[in-house]
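Here is a short report on one protein chain. Keep the sequence and the 3D view open as you read.

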Amino acid sequence: MEQFHATTIFAIHHNGECSMSGDGQVTFGNAVVMKHTARKVRKIFNGRVLAGFAGSVADAFTLFELFEGKLEEYNGNLQRAAVELAKEWRSDKMLRKLEAMLIVMNQESLLLVSGTGEVIEPDDGILAIGSGGNYALAAGRSLKKYSGDHLSAKEIAKASLEIAAEICVYTNHNIIVEEL
């Protein structure tokens with residue numbers, strides 16, 4: 001059965017700033033663009049946490065809601081909420097079938113959360129997921145490394161998605177950027 005998929009998310013900690021970007025494209029299977037303006041990056045927990053998703057849309061929303069619940073349960077402790085979500089996601093028979101990934105961040109941490117029980121904090125303060133994720137990741141690493149202090153986290157997040165959209169057919173130019 002074909003599913004709806006949301007695509008590219010990019011997140012960065014840079015010079016004390018936090019920013020996350022996502023494109024707006026939602027595809028049905030491999031051939032049809034169903035929506036151009038989806039919002040896959042959101043501020044949650046009273047605007048103190050950014051979360052973005054890629055993968056099956058319904059699955060991603062389920063995980064998004066579960067993560068918000070874990071944040072509430074653990075009083076905004078991002079790392080604890082992410083670990084507890086990953087544990088539940090991996091061990092629950094129904095949740096294990098969900099096909100999506102999350103990037104979550106606050107001022108202190110940036111984490112990738114997956115259904116295989118992974119909670120990964122990058123060494124370089126940059127993460128990207130989705131079909132255009134590798135393109136955005138390469139662009140973001142290059143921009144961060146070679147721009148020095150000339151670009152803000154928000155500018156790098158936006159430019160990385162723009163570059164991914166030039167390469168990946170599942171990533172479009174309707175880019176949402178959120179920052180903390």
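The sections below cover a helix, a hairpin, the salt bridges and a surface patch.

## Ground rules

This is a predicted model: local features need pLDDT of at least 70, side-chain atom pairs count only at pLDDT 80 or more, and totals for chains, interfaces and linings use all residues. Residues are numbered from 1 along each chain as its sequence is written, and side-chain values use heavy atoms, with hydrogens and water left out.

## Helix α1

Helix α1 covers residues 57-73. Helices here are DSSP runs of H or I with at least four residues, strands are runs of E with at least two, and both are numbered from the N terminus. The expected span of a helix is 1.5 Å times one less than its number of residues.

Which residues of α1 are buried? They are Val57, Asp59, Ala60, Leu63, Phe64, Phe67, Lys70 and Leu71. Buried means under 20% relative accessible area, exposed means over 50%, and partly exposed lies in between (1.4 Å probe, protein chains only). Ala58, Glu65 and Glu72 are exposed, on the face turned away from the buried side. Just after α1, Asn75 has a positive phi of about 50°.

Strand β6 (residues 41-44) and strand β7 (residues 49-56) pair in the antiparallel sense over four bridges. Two strands count as paired if DSSP finds at least two bridges between them. Arg42 stands opposite Ala51 in β7.

Four residues sit between the two strands, and Phe45 takes a positive phi near 50° in this hairpin. Phe45 belongs to the loop between β6 and β7. Is Phe45 buried or exposed? Phe45 counts as buried because its relative accessibility is 12%. The C-alpha atoms of Phe45 and Leu71 are 7.2 Å apart, although 26 residues separate them along the chain.

## Salt bridges

Side chains of opposite charge can pair when their charged atoms come close. A salt bridge here is a side-chain nitrogen of Lys or Arg within 4 Å of a carboxyl oxygen of Asp or Glu. By this rule there are nine salt bridges. One of them joins Lys70 and Glu73 (4.0 Å, N to O). These two are three residues apart in α1, so about one helical turn separates them. Lys70 is buried at 12% relative accessibility, whereas Glu73 is partly exposed at 48%.

Arg141 bridges to Asp124, with the closest N and O atoms 2.7 Å apart. Arg141 lies in helix α3 and Asp124 in the loop between β10 (119-120) and β11 (126-129), so the pair ties together parts that are 17 residues apart in sequence. Glu162 also forms a salt bridge with Lys158, at 2.5 Å between the closest N and O atoms. Both lie in helix α4 (residues 153-167), four residues apart, which means about one helical turn separates them. Shared partners also link Lys70, Glu73 and Glu88 into one salt-bridge network.

## A surface patch

Tyr135, Ile163 and Ile167 form a nonpolar patch on the surface, with about 260 Å² of accessible area together. Tyr135 lies in helix α3 (residues 133-147). Tyr135 counts as partly exposed because its relative accessibility is 37%.

Conventions:
Patches are made of residues with over 30% relative accessible area and no salt bridge: like charges are joined within 9 Å, nonpolar side chains (Val, Leu, Ile, Met, Phe, Trp, Tyr) within 5 Å. Accessible areas come from the Shrake-Rupley method with a 1.4 Å probe; for residues, only the protein chains shown count as cover.
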